[in-house]
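Thanks for asking me to look over this model with you. Take a moment with the picture below, and then we can go through it step by step.

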Amino acid sequence: MRLDIGRRRALQALAAGACLLAVRPASAASAELDPVLREVFGGREIREGRVTLELPRLAESGNVVPVTVSVDSPMTPQDHVKSIHLFAGKNPQPRVLDTQLGPHNGVARVSSRIRIAQSQQILAVAVMSDDSAWSAAVDVVVTITGCGD
Amino acid sequence: MSRIGKPRVRVPESAKRGEVFEIRTMVEHPMESGFRYNNIGQLVPRHIVETFTCTYNGREIFRARLHPAVSTNPYFLFHTVATESGELVFTWSDDQGGVATISARIEVS
């Protein structure tokens, strides 16, 4: 019995640790982004996971940076991605792109090309059909800034 | 009315019903951010594509809201499920009233 309680405590501690880990990247999203995320998503919790953000870690030119966002979703009428959003907190305008999708897309994947004004963290957020929000962030180093062209 | 440059799309000519196919689009547009100065120190006015939509037999399947950080000649790649033969219509609208439209046909078997 004592063993059992010990195991439960250990599991609780583990779960708490996992929560901390999951929350950390969202709070690490630069302070510039906080008001913007509130504007777009209200007070909704944005969890890390389910989203894959593909960007070059080192972009020679910040003017044209290829980006692909994919979301782990079955894309069924019951369970699908409603929207995908991109943010660059250190750009003069942190909102980059908002896209709307649905089950008719079959897969939740969008590619584009964006400007990155200076080395920073890029954030992708996906909103699901159950209104939960998921995210991924990638640090990008740019050698030529993306506002001169 | 301001002019938007030439749009280009790549859509497969045919697909099997239920198949997910890829759509690539691009339109020629300066995407002038409004944050840039010209060589005599004047701010270049903002001129960007603000919305892009794609419809499949009249039903909207993709919509994007663009901000100044989308690169010159906006490019999008996305997917959709082949449901029936018909027409995909792509429309770009900019903040100076410019509009560009192109359509593509797909045969679904």
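Here are my points, in the order in which I would read the structure.

1. First, some ground rules. This is a predicted model, in which local features need pLDDT of at least 70, side-chain atom pairs count only at pLDDT 80 or more, and totals for chains, interfaces and linings use all residues. Residues are numbered from 1 along each chain as its sequence is written, while chains are lettered from A and ligands numbered from 1 in the order in which they are written.

2. Next, the predictor's own scores. The complex receives an ipTM of 0.93 and a pTM of 0.85. For chain B the mean pLDDT is 95, with 97% of its residues at 70 or more; pLDDT is the predictor's confidence in each residue, from 0 to 100.

3. Now to chain A. It has two helices and nine strands, where helices (H or I, at least four residues) and strands (E, at least two) are DSSP runs, numbered from the N terminus. Along the sequence the pattern is α-α-β-β-β-β-β-β-β-β-β. Of the 149 residues in chain A, 36% are buried. A residue is called buried if 20 or more other C-beta atoms lie within 10 Å of its own, exposed if 12 or fewer, and partly exposed in between, with C-beta atoms placed from the backbone.

4. The C-alpha trace of chain B spans about 60 × 25 × 20 Å along its principal axes. Buried residues are 29% of the 109 in chain B.

5. Which residues touch the most other members of the largest nonpolar core? They are A:Leu86, A:Ile114 and A:Ile116, in a core of 58 residues. A nonpolar core here is a set of buried Ala, Val, Leu, Ile, Met, Phe, Trp, Tyr and Cys residues joined through C-beta atoms within 7 Å. Strand 8 (residues 120-128) of chain A gives the most to this core, with six residues. Two residues are in contact if their C-beta atoms, placed from the backbone, lie within 7 Å.

6. A:Val96 and A:Ile114 are 18 residues apart in sequence and 7.5 Å apart in space, C-alpha to C-alpha. Leaving aside neighbours within four places in sequence, A:Val96 is in contact with residues of both chains, including A:Phe87, A:Ala88, B:His67 and B:Val70.

7. That brings us to where the chains meet. The contact takes 26 residues from chain A and 22 residues from chain B. On the chain B side, strand 5 (59-66) and strand 6 (75-81) are the elements that give two or more residues, and strand 6 of chain B gives the most, with seven residues. By class, this side has 14 nonpolar, five polar and three charged residues. Ala, Val, Leu, Ile, Met, Phe, Trp, Tyr, Cys and Pro count as nonpolar, Asp, Glu, Lys and Arg as charged, and the others, Gly among them, as polar.

8. Strand 6 (residues 95-100) of chain A pairs with strand 5 of chain B in the antiparallel sense over four bridges; two strands pair if DSSP finds at least two bridges between them. A:Thr99 stands opposite B:Ala64 in strand 5 of chain B.
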